[in-house]
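Okay everyone, let me put the model up on the screen. I'll walk through a few spots on it.

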Amino acid sequence: MHPHVLLLLACLALVATRPLSAAVPPPAHDAIRQLAETEQQACLATLEQLVAIESGSYDLEGLGRIADLIATRLFSLGGKIDNTEQGDEIYRMEDTPEKTGRSVLATFDGTGTKKILLIAHMDTVYPRGTLARQPFRIDGNRAYGLGISDDKQGIAVILHTLELLRRLNVRDYGRITVLINADEEISSPASRFLLTRLGAAHDVVLSYEGSRVDSDKISLATSGIAAATLIARGRGSHAGAAPERGVNALYELAHQILQARDLSEPEVGLKVNWTMAQAGIVRNMIPPEATARADIRVLRVADYDRIERALRERITTKLLPESTVELRFERRRPPLEATAASRVLGAHATRIFKEIGRDLVVDDQPEGGGTDAAFAALEAKGPVLERLGLQGFGAHSTDNEYVLIDSIAPRLYLNVRLISDIAAGAVSGGMSNVQ
């Protein structure tokens, strides 16, 4: 008799001998668990490879090298590769470079119907030369390295999840699409449109930002991020000899900030905070121009329109009639909003984690940061889960970024089981096929 049949009969016999009131966790899928455990060292080797390539958002040479590595690995796993260059479709913001790095898009066709999108990003916040301060190293249960938590671990988890699916011959999905983009850390100006289209074209979106060291969790919601810039323009004049001939842009800017200081609505998660300002050329000149910037956070996509409209209404009221006031509003990243479908899939993930004796926190409240999962969710019909990567710490730090090594096998197990169940149609609720 086949060993898997014997294992199933043994599990059924064990359950039959237990009283109905006993809380018995579901049996672990031993073959997957064992493969996930043996894959840990290979995953660490991949992390070392990825960390060794500096790939800051503005480093086109480094981004090209890491994109080639990722494409080669995905191709070796059977993926059809499409290296996507930046086109005309780009949302330009204040910090958007003239050219962004290329994304890597890979597709794996199966025998079933479910379409699953896996996303992560290859770019980091670090400028070239920072690697020397934070090379890859292992210290106890921690693997350190530049960008290892945000988000090179996400790339590694995707690669090794696909490797385990290949070994297990899981092919009953319709299509698995992998997108690794190169501009996430600068609010995805070139990849946001592709993310949204792919999200709409797939039944499920799984995003691989890291989880937390202090909370083994996945997320159903993230904050939206916007930026507002006010530019007040007046007229320069000698501050001592002829101040009356000037139009003081600093006065106008101060007026505008004060009348826009009460736009936050904490009860709905809307936060508007003026955080930067600059005015004047020299001390003895009436300033002809002054600027201020606000950081804006939202929990609902609809609040973007509302806060921009409120700001534009406020600036029509001026202190100095001869001044002009301009508002620039950047929608840097939308919020990811929890849905009924994502809650169903999140609950299914907790049951999978129980199979290996672990508790998974499903967080439906945003923490203040934003991710690419929100772009993928904008027009998605199915569930979107975030933080399916490793437990990590120290993102955007220069010498203390690490992942927990003992989270590798459990997270690989979770992802293999989750994708397998989605492919097999074993998740109930919110999983209708995208046509």
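Y251 sits in helix α7, residues 249-259; helices here are DSSP runs of H or I, at least four residues, strands are E runs of at least two, and both are numbered from the N terminus. With 52% relative accessibility, Y251 counts as exposed, where exposed is over 50% relative accessible area, buried is under 20%, and partly exposed is in between, with a 1.4 Å probe and protein chains only.

Quick caveats: this is a predicted model, so local features need pLDDT of at least 70 and side-chain atom pairs count only at pLDDT 80 or more, while totals for chains, interfaces and linings use all residues. Residues are numbered from 1 along each chain as its sequence is written, and side-chain values use heavy atoms, leaving out hydrogens and water.

Now the sheet. Which order do the strands take? The open sheet has 6 strands, running β1-β2-β6-β3-β7-β17, with mixed pairing; two strands pair if DSSP finds at least two bridges between them. β1 (80-84) and β17 (384-385) are at the edges with a single partner strand each, so one side of each has no neighbour in the sheet. Further in, β3 (115-121) and β7 (204-207) run parallel, joined by 4 bridges, and I116 stands opposite V204 in β7.

Then there's D421, which belongs to helix α11. Is D421 buried or exposed? At 12% relative accessibility, D421 counts as buried. Leaving aside residues up to four places away in sequence, D421 touches H348, I352, A426 and V427, a contact being heavy atoms within 4.5 Å.
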